[in-house]
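Here's a walk through one fold, written for someone who likes geometry with the cut-offs attached. Have a look at the model first, then read on.

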Amino acid sequence: MEGHNGRWLRSWLLFPNLYSHLQLSTFTQFANIYVNISKANIIKTDQVRQCLLRVDRANYAPERYSAYTDAPQPLGYGQTISAPHMHAHTLEELLPSLISASRNKPDTPLSILDVGCGSGYLTAALGRLVDKGTTRFGGPISPLVSGNVYGIDVVPELVDMSKSNMKKDDADLLHSGTVTVQLGDGWKGLPDKAPFHAIHVGAAADDFPHNLMMQLAVGGVMVIPVGPDGGIQNLYRVEKLRESPTFHGEDFAIDRLLGVRYVPL
């Protein structure tokens, strides 16, 4: 049976054109993080493994030497880039709803909202899942259909940082229209682009934001940390069960995933 290390290395060796943006030495450091995360059974699917391989975290971390450490890194402005294992958790939780939507309505583009996009790393990873471009990686990662990812942040400097970081090696996501990054209030979301098949919230809310929950498509999933700054926080999975013109708690299924520590939304 092929081990975790073998699967990551096989991806690099069998598809060198896909991962030519990574030198083998860089790939080794890069993959070591995810080998360990895979061993912990956090990365479970080939789709998440592939999208993580397609985005070099070093282009989004404040320092390249610490980019491949499984720990959060400060970005300034009171924000951080989350640890790789948290990004993996999030992607795995969002993936099933994206696969389901792709199979149920293959002619409908997927729509994803990344609230608090920070340095742009997870926004780019989500973009690789639903990539509309066909020249670099050949489109979205099967069985997903292509779609749109909207990254928003309330800090103008972080919006600029996200765009600048993507232009280093993921500019095709911007050029193809797969990813859009803009200034926005995380509590309000992007109602004009709703509904979303998946929403990620990268900062902790004091309570569940009803505006964002209402912007989910039926069957859509939001992954969000909830809890007071400096207090007990947990990561939750919120699924929208049915449509309603007004908010009703019973229209959503909420599951606690794990304890976390995030900066406030």
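How are helix 3 and helix 5 oriented to each other: parallel, antiparallel, perpendicular or oblique? They are oblique to each other, going by a scheme in which angles under 35 degrees are roughly parallel, over 145 roughly antiparallel, 65 to 115 roughly perpendicular and the rest oblique.

## Ground rules

This is a predicted model, so local features need pLDDT of at least 70 and side-chain atom pairs count only at pLDDT 80 or more, while totals for chains, interfaces and linings use all residues. Residues are numbered from 1 along each chain as its sequence is written, and side-chain values use heavy atoms, with hydrogens and water left out.

On confidence, pLDDT is the predictor's own score for each residue, from 0 to 100. The protein chain has a mean pLDDT of 89, with 88% of its residues at 70 or more. Residues 12-16 fall below 50, and beyond near neighbours in sequence that stretch has six contacts in the model; a contact here means heavy atoms within 4.5 Å.

## Helix 3 and its two partners

Two packed helices are described by the angle between their axes and the distance between the axes. Helices (H or I, at least four residues) and strands (E, at least two) are DSSP runs, numbered from the N terminus. Axes are lines fitted to C-alpha atoms, for helices over the stretch in contact, with angles running from 0 to 180 degrees between N-to-C directions.

Helix 3 and helix 5 (residues 121-129) pack at about 120 degrees, their axes 9 Å apart. Q47, C51 and L52 of helix 3 make the contact with Y121, A125, R128 and L129 of helix 5. By type, the residues of this contact are five nonpolar, one polar and one charged. Ala, Val, Leu, Ile, Met, Phe, Trp, Tyr, Cys and Pro count as nonpolar, Asp, Glu, Lys and Arg as charged, and the others, Gly among them, as polar.

Now for helix 4. The axes of helix 3 (residues 46-53) and helix 4 (residues 84-104) come within 10 Å and cross at roughly 125 degrees. That makes helix 3 oblique to helix 4, and their crossing is right-handed. On the helix 3 side sit Q47, V48, C51 and L52, which meet L91, E92 and L95 of helix 4. The residues of this contact divide into five nonpolar, one polar and one charged. T45, in the loop between helix 2 and helix 3, touches E92 and L95, leaving aside its neighbours within four places in sequence. T45 and L91 are 46 residues apart in sequence, with their C-alpha atoms 9.7 Å apart in space.

## Helix 4 against helix 5

Helix 4 and helix 5 pack at about 35 degrees, with 12 Å between their axes, and the crossing is right-handed. H87, T90, L91, L94 and L98 of helix 4 make the contact with Y121, L122, A125, L126 and L129 of helix 5. This contact has eight nonpolar residues, two polar and no charged.

## The sheet

What is the strand order of the open sheet? Its seven strands run 5-4-3-6-7-8-9, with mixed pairing; strands pair if DSSP finds at least two bridges between them. The edges are strand 5 (179-183) and strand 9 (252-260), each pairing on one side only. Twist averages 15 degrees from one strand to the next.

Strand 3 (residues 110-115) and strand 4 (residues 147-153) run parallel and are joined by six bridges, with V115 opposite I152 in strand 4. Helix 4 packs on the sheet, touching strands including strand 3 and strand 6 (196-201), and its direction makes about 170 degrees with that of strand 6. Helix 6 (residues 156-169) packs on the sheet too, touching strand 4 and strand 5, at about 160 degrees to the direction of strand 5.

Most residues other than glycine have a negative phi, and most peptide bonds are trans. S142 and P143 are joined by a cis peptide bond, omega about 10 degrees, and P143 is in the loop between helix 5 and strand 4. The bond from A194 to P195 is cis as well, with omega near 5 degrees; P195 lies in the loop between strand 5 and strand 6.

As for phi, N41 has a positive value near 65 degrees and lies in the loop between helix 2 (24-39) and helix 3. Y77 has a positive phi of about 60 degrees, in the loop between strand 1 (73-76) and strand 2 (79-81).

Note on methods
Left-handed = near helix turned anticlockwise from the far one by under 90°.
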